[in-house]
2 protein chains.
Amino acid sequence: MPSPLALPLLDADSCSSPLVRTPLDEGRATALALRFKALADPGRLRLLSLIGAHESGEACVCDLTEPLGLSQPTVSHHLKVLREAGLVTSERRGTWVHYRLVPEVLAQLAAELGNDGLWPVASERPAVDGETRTRPTGTTD
Amino acid sequence: MPSPLALPLLDADSCSSPLVRTPLDEGRATALALRFKALADPGRLRLLSLIGAHESGEACVCDLTEPLGLSQPTVSHHLKVLREAGLVTSERRGTWVHYRLVPEVLAQLAAELGNDGLWPVASERPAVDGETRTRPTGTTD
DNA sequence: GATCCAGATCGACAACTGTCAATACAGCGG
DNA sequence: CCGCTGTATTGACAGTTGTCGATCTGGATC
């Protein structure tokens, strides 16, 4: 429970409504962005997916290079990015290096995006309407 | 429902284990990466957070520029990125333009990262061990 | 219409990112 | 010890991204 403390900003002279949650501070935003940056590449997403698709929960680089269609150095680079973001761990066993997902971190990221995260995500709106509201929460796409 | 069809690849001559899920194809990965790219910036995360923090569920640019500490053109640019990624919608009402989150898209992204997403995320492992496994699923950091 | 204000767009620039070929490094088998 | 193979690192380069000042647009007010 994030305890939505209501900060009294606002003069409401113009537009806008009062805040009902503390917005993300810069440090936390930067940290989060680092993780999302790691996810912001098709190759890396496919890498995660490939690793997760293996029955043992892990995969070595040799399994990943070919299905990705990228060069071995590039794959290695992407894996490094994922590792540094904490999304995967690596372990050398003999010749091969095995990568596996870090489910807790992925789950935590999902949670930030989801309902108990940084913003209200479902239809859990306080139903304000003494406000500048004009249009219902319609789907626009 | 992703119906985890088991594709029989593999000769298991070397390392690796069989696939138990279909890995993300390139098109889908690219589409997903586009959305994560939009999230991969501290300013944009704070923007989303700020919008979500408002009681009415929306905010105009004038509310966002100052707490972000970025110039107005930059904020406008970020909002455009978020809008094009489908994460927010904008609506002009008189002088001001109001932005609001698109909860469904955020929730969908969370779902991809989470349990019913692209990779197994909880401790729902099939418990393989006729494999190259050597070490338990320890945290490596 | 002239003016003012909120936002968007443009142009420029530095910083970062994805990619690969070449090379280095680390175990393993002879 | 020497070569082989899997993986990491380096260097280079093109493409993308974040940022801002300057300028444009569009609604509201006088």
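These questions and answers cover the disulfides and the DNA contacts of a predicted model.

Guide: In this predicted model, local features need pLDDT of at least 70 and side-chain atom pairs pLDDT 80 or more, while totals for chains, interfaces and linings use all residues. Residues are numbered from 1 along each chain as its sequence is written, chains are lettered from A and ligands numbered from 1 in the order written, and side-chain values use heavy atoms, without hydrogens and water.

Visitor: Why is the pair C60(A) and C62(A) called a disulfide?

Guide: A disulfide is a pair of cysteine sulfur atoms within 2.5 Å. The sulfur atoms of C60(A) and C62(A) are 2.4 Å apart, so the pair meets that cut-off. C60(B) and C62(B) also form a disulfide, at 2.4 Å.

Visitor: What makes C60(A) buried and C62(A) partly exposed?

Guide: Buried means under 20% relative accessible area, exposed over 50%, partly exposed in between (1.4 Å probe, protein chains only). C60(A) has 1%, so it is buried. C62(A) has 40%, so it is partly exposed.

Visitor: How do you know that Q72(B) has a polar contact with DNA strand C?

Guide: A polar contact is a pair of N or O atoms within 3.5 Å; within protein, one must be able to donate a hydrogen and the other to accept it, and residues adjacent in sequence count only if both atoms are side-chain atoms. A polar side-chain atom of Q72(B) lies 2.8 Å from a base nitrogen of DNA strand C. S71(A) lies 3.0 Å from a phosphate oxygen, through a polar side-chain atom.
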